[in-house]
Amino acid sequence: MTVKGIRGAITVEENTVEALKAATLELLGEMTAKNHIIPEKISHVIFTLTDDLNAAFPAKFARIDMGWSGVAMMCFHELDVPDSLKMCLRVLIVLNCDENFVPEFVYLKGAANLRR
């Protein structure tokens with residue numbers, strides 16, 4: 001068994017609890033579906049948010065709404081690079097997996113520009 005990271009990002013409409021929850025669950029839902037993630041295989045999850053997003057902790061929604069209560073998670077602010085994408089939530093899911101597993105990264109809404 002090996003450990004691999006799955007990256008994802010999404011832009012958030014506004015800095016509210018409701019908008020952060022919706023964006024977090026949309027992104028995690030897409031990441032888990034595309035990568036067939038079983039919560040028991042998750043080593044840990046790192047969330048970063050741009051400085052303009054601080055209404056809630058995304059890990060709370062993963063723990064409560066996704067049922068990831070046994071997963072170690074941390075939330076951080078993203079480095080504030082001039083002219084970088086604003087209102088952006090990024091996620092790194094670190095997964096215990098087989099060596100031949102190929103992660104599928106997920107970039108939604110305005111965050112799709114990060115991969116161009």
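## Lysine 21 and its salt bridge

Lysine 21 is partly exposed, with a relative accessible area of 32%; buried means under 20% relative accessible area, exposed over 50%, and partly exposed in between (1.4 Å probe, protein chains only). Its side chain meets that of aspartate 65 in a salt bridge, at 3.6 Å from N to O. A salt bridge is here a side-chain nitrogen of Lys or Arg within 4 Å of a carboxyl oxygen of Asp or Glu. Because lysine 21 lies in helix α1 and aspartate 65 in helix α2, the pair ties together parts that are 44 residues apart in sequence. Aspartate 65, at 39% relative accessibility, also counts as partly exposed.

This is a predicted model, in which local features need pLDDT of at least 70 and side-chain atom pairs count only at pLDDT 80 or more, while totals for chains, interfaces and linings use all residues. Residues are numbered from 1 along each chain as its sequence is written, and side-chain values use heavy atoms, with hydrogens and water left out.

## Other salt bridges

A search of the whole structure finds 4 salt bridges. One of them joins the side chains of lysine 109 and glutamate 26 at 3.4 Å, N to O. This pair links distant parts of the chain, with lysine 109 in the segment after β5 and glutamate 26 in helix α1, 83 residues apart. Lysine 109 is partly exposed at a relative accessible area of 43%, and glutamate 26 is partly exposed at 36%.

Glutamate 78 and arginine 90 also meet through their side chains in a salt bridge (3.9 Å, N to O). Glutamate 78 lies in the loop between β3 and β4 and arginine 90 in strand β4, so the pair ties together parts that are 12 residues apart in sequence. Glutamate 78 is partly exposed, at 24% relative accessibility.

## Nonpolar core

The largest nonpolar core has 31 residues, of which Val45, Phe47, Trp68, Val91 and Ile93 touch the most other members. Such a core is a set of buried Ala, Val, Leu, Ile, Met, Phe, Trp, Tyr and Cys residues joined through side-chain atoms within 4.5 Å. Two or more residues each come from β1 (2-11), α1 (17-35), β2 (42-49), α2 (58-65), β4 (88-97) and β5 (106-108). The largest share, 6 residues, is that of α1.

Beyond its neighbours within four places in sequence, phenylalanine 47 is in contact (heavy atoms within 4.5 Å) with residues including Thr24, Leu28, Pro58, Met73, Phe76 and Val91.

Methionine 87 is placed in the loop between β3 (72-77) and β4.

## Overall fold

The protein chain has 2 helices and 5 strands, running β-α-β-α-β-β-β from the N terminus on. Helices (H or I, at least four residues) and strands (E, at least two) are DSSP runs, numbered from the N terminus. The radius of gyration is 14 Å, close to the 13 Å that the globule rule gives for 116 residues, so the chain is as compact as a globular protein of that length. This radius is taken over C-alpha atoms, and the rule is 2.2 Å times the number of residues to the power 0.38.

Of the 116 residues, 39% count as buried. Among contacts with a separation of 6 or more, 87% are between residues 24 or more positions apart.
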